[in-house]
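Reader: Hi! Could you walk me through this model? I'd like to start with the charged side chains.

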Amino acid sequence: MTNGPLRRLLAGRTGRHQGGRTPPQSRVPVIARNRPLDLSPNQRHDWLHYQEFGDTPLYDAVLLRLRGPLRVPALRTALRALVARHESLRTRFPVLDGAPRQVIEPTDRISVPFVDFGALPTDADRGRELAELHRAAQSGYVLDRRPPCRFALVRFGPADHVLVLSIPHIAADFWSIPVLGQELSALYRAGAAGRPADPRAHGHDYADYAAWQASQWSPQDRAEELRGWQRRLRGITALPLPADHPRDAGIPARCWTHTEHLDPTVSEQLRAWSRRENVTLFVTLLAAFHSLLARSCGVDRLVTASSSANRESSLTAGLVGPLSDFRVMYNDLAGDPGFREVLHRTRAAVLGTHGRKTLTHDDLVQGLDPARELRPHPLKQIYFNLLSAPWAETRLSPELSVTVAGADDGSPRPHLVPEHADLIVNCSDHGTGPLVLQLRCTAELYTAAAGPRWLRWYGTVLRQILERPDIRLSRIRPQAAGETITLAPVPRPRPRCEADWMAKNAGRIDARLLGLWAQAVGPGHRSGEFFQNGRTVVDAAVLLKRIEEEHGVPIALTDFLRAPTITTLVTAWTAGASPSEEHG
């Protein structure tokens, strides 16, 4: 998910380890680097984001303003050493042999350009160049031909520099940012003092850890885990959310984004009350959010997803990469419980996701709906995250101040960002002061005014539970007196192709497209449905890339996933493919 500049990146992700507690292990085996490597589940997730949304990154670029005496050669050397230390910062992701792979580039290709704008005469000129730097750092991401991470150092004056860090999530998650900030500082200080830097915490890197973690699962383990989730979530559907208009599936996957600061007094009361109740702030905030959903949607069983840092194990210390994942939070609020009981049930739901191995979020989504019939999928409809990692200030030297250049004030006007979910709440907590609440809601259901409205409802619930901690769920009133809501019906599963569709229609399909389809789907492709024979979204994305690269027919992955059948491809092919004598 896209976030604001460094002050949000440094906030990190809350939650726990994606694979439960790591079995006792003194070291992670180092795998061979003499061939392209498979992507980790989180790398696949981010690779798919790129296929859908182009060069829109999951993170904003960061521009650090450095004011004071700076040793430019020492900083550039430190940055090159940092990238050399962490392979994920110099990894590219081409499609090879029909699948995306990771290729780790050698250290001799690391570049840190230096640009001198010291001749600019006015602050206005410098401000325009700074804005242009940010725009340039935000665009132009390429995954296959070169590593997507980019770095540069810009001079605006003898004691005024800007360090540009453009690091998408496929290379480093939230919790990697503190590691990078601390190591860059240590490398700079060591270089400036003419001494060697301390070694890394482990001899393994992200690719080794991801491969080792994947090896902990057998096919039998995966099947058993999936059956358990199928039993637990039987009967769960997407929620009928209060909406501004009926769902419009023709709107691109975009969310309105709105950010507010919660009242500082209410924020401190929530922290104190959570301590008295012996629960984390995350549990309190999630319980209140589940109460809001239950009351607004008229349900008592619901499921949301929350981000997980995946860094419980000592084996992850000092690792940089996309380790984080999402945990599924299932809650049963039947029986009109008081809020304290809601709190205890939520705490049990959260604890139930920890201390054990579990499938990745994407694996659960695929396993629970292999034909991709559900839209929205109940596990991808609603997210709730608390970003509460410790601040990791970059302290290059005592004489040098480091701030975020061009940081917003935390309250931008509602704007659209690429996103698939219906509803996302991101809470940021830095231990003191106001909680920062960011809400995202899909343009398929909402106008720009929905974000402030949802946050008003959530704030009302938070105040009601603080005033009356044992208030019954049925007595919680998120909406103002006289305020009406309209629930958007949950769409029915999409219609599927007939079982013998291919036998009836194959003769009317261009042989070139038919050949690509047969290769992608595999034997027994009779129905015209793509998601058969264990095919995944990655397989679909690779097929669409081949169609565009080999035949010049662009087909958006988002559009294909709405109707993942050969008829969708035939429609696009008929409109865009060049004629051929192979046409059947």
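Author: Happy to. In this predicted model, the side chains of R33 and E87 meet in a salt bridge, with N and O 2.8 Å apart. The term stands for a side-chain nitrogen of Lys or Arg within 4 Å of a carboxyl oxygen of Asp or Glu.

Reader: Where do R33 and E87 lie?

Author: R33 is in the loop between α1 (6-9) and β1 (37-38), and E87 is in the loop between α3 (72-85) and β3 (91-92), so the pair ties together parts that are 54 residues apart in sequence. The element names are DSSP runs numbered from the N terminus: helices are H or I with at least four residues, strands are E with at least two.

Reader: Before I go on, what should I know about the numbering and the model?

Author: Residues are numbered from 1 along each chain as its sequence is written, and because the model is predicted, local features need pLDDT of at least 70 and side-chain atom pairs count only at pLDDT 80 or more, while totals for chains, interfaces and linings use all residues. Side-chain values use heavy atoms, with hydrogens and water left out.

Reader: Thanks! Is E87 buried or exposed?

Author: E87 is buried, at 14% relative accessibility. The cut-offs are under 20% relative accessible area for buried, over 50% for exposed, and partly exposed in between, using a 1.4 Å probe and protein chains only.

Reader: Which residue does E105 pair with in a salt bridge?

Author: E105 meets R92, with an N to O distance of 2.5 Å. The pair links distant parts of the chain: E105 sits in the loop between β5 (99-104) and β6 (114-116), R92 sits in strand β3, and the two are 13 residues apart. E105 counts as buried at 8% relative accessibility, whereas R92 is partly exposed at 21%.

Reader: And what about D470, which residue is its partner?

Author: D470 forms a salt bridge with R340, and their closest N and O atoms are 2.8 Å apart. Here too the pair links distant parts of the chain, 130 residues apart: D470 is in the loop between α12 (450-467) and α13 (501-505), and R340 is in helix α10 (residues 339-351). R340 is partly exposed, with a relative accessible area of 26%.

Reader: What phi does D336 have?

Author: D336 has a positive phi of about 50°, and it is not a glycine either. It is found in the loop between β11 (325-332) and α10, and counts as partly exposed at 30% relative accessibility.

Reader: Switching to the surface: which residues form the positive patch?

Author: R227, R231, R232 and R234 form it. Patch members have over 30% relative accessible area and no salt bridge; like charges are joined within 9 Å, and nonpolar side chains (Val, Leu, Ile, Met, Phe, Trp, Tyr) within 5 Å. Lys and Arg count as positive, Asp and Glu as negative, and His and the chain ends are not counted. R232 lies in helix α7 (residues 219-232) and is partly exposed at 36%.

Reader: Last one: what does the UniProt record annotate over residues 512-571?

Author: The unreviewed UniProt entry has "domain: Carrier" there; such annotations may be inferred rather than shown by experiment. Over residues 512-571 the chain is 62% helix and 0% strand, and the end C-alpha atoms are 14 Å apart.

Key
Areas by Shrake-Rupley, 256 points an atom, 1.4 Å probe, with all protein chains shown as cover. Charge placed at Lys NZ, Arg CZ, Asp CG, Glu CD.
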